[in-house]
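This briefing is meant to be read beside the sequence and the coordinates.

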Amino acid sequence: MAYDPDAVPVVMVFAGNDPAGGAGLAADTEAIASMGCHIAPVVTAITVQDTSNVQDFQAVEADWVVSQARAVLEDMPVACFKLGMLGSVENIEAVHTILRDYPDIPVVTDPVLFAGGGGDLAERDVPDALRSLIFPQTTLLTPNAPEARALAPAADTLDACAHQLMSDGCEFVLVTGADEPSERVTNSLFGNERLMERFTWDRLPHTYHGSGCTLASAIAGLLAQASEPLSAVHEAQAYVQEALAHGYRIGMGQHVPNRLFWADGDDDE
């Protein structure tokens, strides 16, 4: 099959559906489109949630996850994988088998364990399965501080968590700090067994539904466009900060990032 060299890069996303449209595949779609890419969304879970919290979720059967992904992979070239909510150990095992068949495609993993409101988005055994099956195949991991601590419980600092996650196989780890009680938000990028850079951002006055999905998907879109990881992390964070600054409160809970702020014809920026 001859592919068009000028075709839009494809990012395959494994994630859950958020009916509120703030997180999950809705967030992934907008962020990846904003990076100039085409999304191939593979549904891994169905959730019951609003902008405040998650009430329930159900993982899609693993064979359906595999079938969705294989159908697309046999039809179009995928430039990057982005993993979000996988929901079950069986789905992690299924995604692992797919990634193993495409070892040259970069993988951005957002280890979704909790919703922004604190509700669980994963079964109890998911952290262990992520560490053993997904992290060794991950190019860039994007945990927030609570996720980093949950995934590396023996570590006594967030920096130590990042080093443990690199030891588990992740090539790069970007620990985000919006959940920390600090005046400004500090995100820390680790790679090559060391701290590479810290990024400090103004803390905005609201909390946001889907900010982690937005960041990981923006990075995936940039990697699909052949950006280097450090450049992708820089550019994606700036994009997310603007999306959050232009966010809106459409429900009764958290604000939703305006990931399409750049399309607002009335914006002077």
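Axes are lines fitted to C-alpha atoms, for helices over the stretch in contact, and angles run from 0 to 180 degrees between N-to-C directions. Helices (H or I, at least four residues) and strands (E, at least two residues) are DSSP runs, numbered from the N terminus. The model is a predicted one, in which local features need pLDDT of at least 70 and side-chain atom pairs count only at pLDDT 80 or more, while totals for chains, interfaces and linings use all residues. Residues are numbered from 1 along each chain as its sequence is written, and side-chain values use heavy atoms, with hydrogens and water left out.

**Helix pairs**

- Helix α1 (residues 24–34) packs against helix α7 (residues 211–224) at an angle of about 40°, the two axes being 8 Å apart.
- The helices α1 and α7 are therefore oblique to each other, given that angles under 35 degrees count as roughly parallel, over 145 as roughly antiparallel, 65 to 115 as roughly perpendicular and the rest as oblique.
- The crossing of α1 past α7 is right-handed, a term that applies if the near helix is turned clockwise from the far one by less than a right angle, anticlockwise being left-handed.
- Where the two helices meet, G24, A27, D28, A31 and I32 of α1 are in contact (heavy atoms within 4.5 Å) with C213, T214, S217 and A218 of α7.
- Helix α3 and helix α4 (residues 126–134) pack at an angle of about 10°, with axes 9 Å apart, which makes α3 roughly parallel to α4.
- On the α3 side of that pair, V89, I92, E93, V95, H96 and L99 meet V126, A129, L130, L133 and I134 in α4.

**Burial along α1**

- The buried residues of α1 are G24, L25, A27, D28, A31, I32 and S34, where buried means under 20% relative accessible area, exposed over 50% and partly exposed in between (1.4 Å probe, protein chains only).
- These buried residues of α1 pack against β1, β2, β4, α7 and α8 (229–245).
- After α1 comes G36, whose phi is positive, near 80°.

**The sheet and the helices on it**

- An open sheet with mixed pairing is formed by 9 strands in the order β3-β2-β1-β4-β5-β6-β7-β8-β9, two strands being paired if DSSP finds at least two bridges between them.
- At the edges of the sheet are β3 (54–59) and β9 (194–201), each of which pairs on one side only.
- Strands β1 (residues 10–17) and β2 (residues 38–49) pair in the parallel sense over 8 bridges, and I46 in β2 is the bridge partner of N17.
- Helix α2 (residues 62–73) lies across β1, β2 and β4 (80–83), and runs at about 165° to β2.
- Helix α3 (residues 89–101) also packs on the sheet, where it touches β1, β2, β3, β4 and β5 (107–109), and its direction makes about 170° with that of β4.

**Two buried residues**

- Q49 lies in strand β2 and counts as buried because its relative accessibility is 11%.
- The side chains of Q49 and T47 are joined by a polar contact of 2.8 Å, meaning a pair of N or O atoms within 3.5 Å, of which, within protein, one must be able to donate a hydrogen and the other to accept it, residues adjacent in sequence counting only if both atoms are side-chain atoms.
- Not counting residues up to four places away in sequence, Q49 touches N17, D18, P19, A20, V54, Q55 and H209.
- L73, in helix α2, counts as buried because its relative accessibility is 10%.
- With the same exclusion of residues up to four places away in sequence, L73 touches M12, V78, F81, I98 and Y102.
- L73 and M12 are 61 residues apart along the chain, and their C-alpha atoms are separated by 8.8 Å.
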